[in-house]
Amino acid sequence: MATMGVIADDFTGATDIATAYAARGYRTEVLTGRTAAAAPEADVVVIALKTRTAPVETAVTESLAAHDRLVAAGHTRFTVKYCSTFDSTDRGNIGPVLDALVQRTGASRCVVVPAFPANGRTTYQGHLFVGSDLLEHSSMRHHPLTPMTRSRIVDLLVPQTSRSVDEVHLAVVRQGAAAVRAALDAADAQYLVVDAVDDEDLGVIAAATADDVLRSGGSGLAIGTAPGGSDTATAFVAAPGRRLVVCGSASARTREQIAAAAAAGSPTRRLDVARLATDPEGEVADTLTWLTDQPEGSAPVVFSVGDPDDVSDDAASSARIEHALSEVVAQAVPLGFTRCIVAGGETSGAVVSRLGIERLTVGAVIAPGVCWAEGATSAGERIAIALKSGNFGAPDMYTTAWEALA
């Protein structure tokens with residue numbers, strides 16, 4: 001029976017935690033379709049949803065349906081995966097989803113562990129840091145959909161839930177798994193925010209909660225899991241094909257990666273966002289013509305945001321960008337572009353859904369939180385795809401990630 005069933009609130013988050021389990025030696029599969037069943041040999045099954053910024057009722061309904069699918073497949077332990085910067089508003093969706101799953105599973109408690117030290121996300125004294133900055137002082141303060149203006153996780157979660165929330169601080173974690181387990185057992189609160197500033201802390205927390213029916217957080221709990229016995233680097237051999245990068249993310253790291261790719265000689269094209277409102281088919285067609293005109297050995301980059309002033313919180317504009325980028329990929333695959341990097345959680349969900357991919361086999365790790373995966377489109381084409389959170393990956397990722405497919 002599989003080790004863990006995971007419910008992820010977006011597609012990049014799904015491959016993020018899948019990457020962590022794969023790196024620990026677990027055969028991991030990501031289900032992106034609503035009815036797809038996991039391969040019986042999978043150790044870990046992750047169901048990818050698109051609920052991070054969905055209406056609360058939608059997020060709860062889809063999360064419960066994902067849980068029920070995992071139960072039907074034989075799972076008895078579950079992890080709710082959300083962003084390591086706790087992306088949410090005072091309405092949710094993290095709190096309402098946890099409330100629903102606590103009730104559905106009968107869990108007596110649920111740890112809250114967003115820390116991901118390898119990517120600079122740590123929790124100390126209950127406060128979430130991005131690098132050396134408190135969350136509220138990071139670039140996430142200006143996120144167009146989920147602006148994070150507080151750093152203490154209790155303060156972020158309490159408005160989202162009627163259940164009690166408390167903290168387990170680093171001093172307890174450093175005493176080991178038995179001490180953490182004792183602190184969790186003694187707590188009156190149902191949600192416990194647990195500090196972690198390095199991977200050893202995550203290992204302690206994972207050991208302390210190994211028997212818990214429900215846990216929540218970023219990829220940290222997977223990083224802390226005891227090693228498995230599979231070589232995920234050989235999970236699949238990518239089919240030959242041309243390269244493509246599409247970026248819907250507006251993050252500073254994604255903009256840095258685009259600039260680095262351009263400086264290294266990769267062709268780049270920015271979508272005409274204004275034209276998408278009046279002639280989306282024409283913009284997609286022109287982008288495809290541009291793509292096919294690029295040298296076959298290149299890794300062209302199509303993006304939507306050039307500088308911070310381009311960032312918009314207009315939902316209609318964002319939807320048009322997601323649609324255009326997903327159409328570019330869908331129409332490029334039959335032309336031979338079967339190795340693709342997608343930056344941005346919403347864009348990743350749109351691309352995978354448009355391609356009709358039902359499941360992803362997780363393969364080689366590119367960077368903390370990012371892996372190559374393989375799926376089949378609804379037309380049967382095999383595609384190697386990397387779904388990347390906007391903030392993840394080294395600056396040179398768009399030029400070096402392809403080496404992991406060799």
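**Pocket, cavity and packing**

Q: By class, how many nonpolar, polar and charged residues does the lining of the second largest pocket have?
A: The model is a predicted one. In it, the second largest pocket holds about 310 Å³ of space. The 18 residues that line this pocket include Thr32, Gly33, Arg34, Ala48 and Leu49, which are the closest to its centre. By class, the lining has 9 nonpolar, 4 polar and 5 charged residues.

Q: Which element gives the most to the lining of the second largest pocket?
A: The elements that give two or more residues to this lining are β3 (44-48), α2 (56-72) and α13 (345-355). The one that gives the most, with 4 residues, is α2.

Q: What is the volume of the largest cavity?
A: Rolling a probe the size of a water molecule over the atoms shows where empty space is left. A search of the whole structure finds 1 cavity of 30 Å³ or more. The volume of the largest cavity is about 120 Å³.

Q: Which elements each supply at least two residues of the lining of the largest cavity?
A: This cavity is lined by 15 residues, and the closest to its centre are Asp9, Thr51, Val80, Asn93 and Val97. By class, the lining divides into 7 nonpolar, 4 polar and 4 charged residues. At least two residues each come from β1 (4-8), β4 (78-81) and α3 (94-105).

Q: What covers the buried residues of α9?
A: These buried residues are Thr254, Gln257, Ile258 and Ala261. Their cover includes β12 (243-247), β13 (268-270), β14 (301-303), β15 (339-343), β18 (382-388) and α14 (397-400).

Q: Is valine 154 buried or exposed?
A: Valine 154 has its place in helix α4 (residues 153-157). Not counting residues up to four places away in sequence, valine 154 touches Pro159, Val165, Asp166, Glu167 and Val193. Its relative accessible area is 11%, and the cut-off for a buried residue is under 20%. Valine 154 is therefore buried.

Key:
Residues numbered from 1 in each chain as written. Predicted model: local features only at pLDDT ≥ 70, side-chain atom pairs only at ≥ 80, totals over all residues. Heavy atoms only, no water. 1 Å grid on protein atoms, 1.4 Å probe; cavity = no way out; pocket = protein on both sides within 12 Å on 5 of 7 lines; lining within 4 Å. Points joined across faces, edges and corners; volume = space filled by probe spheres on them. Nonpolar A, V, L, I, M, F, W, Y, C, P; charged D, E, K, R; others polar. Buried < 20%, exposed > 50% of the residue type's maximum accessible area, 1.4 Å probe, protein only. Contact = heavy atoms within 4.5 Å.
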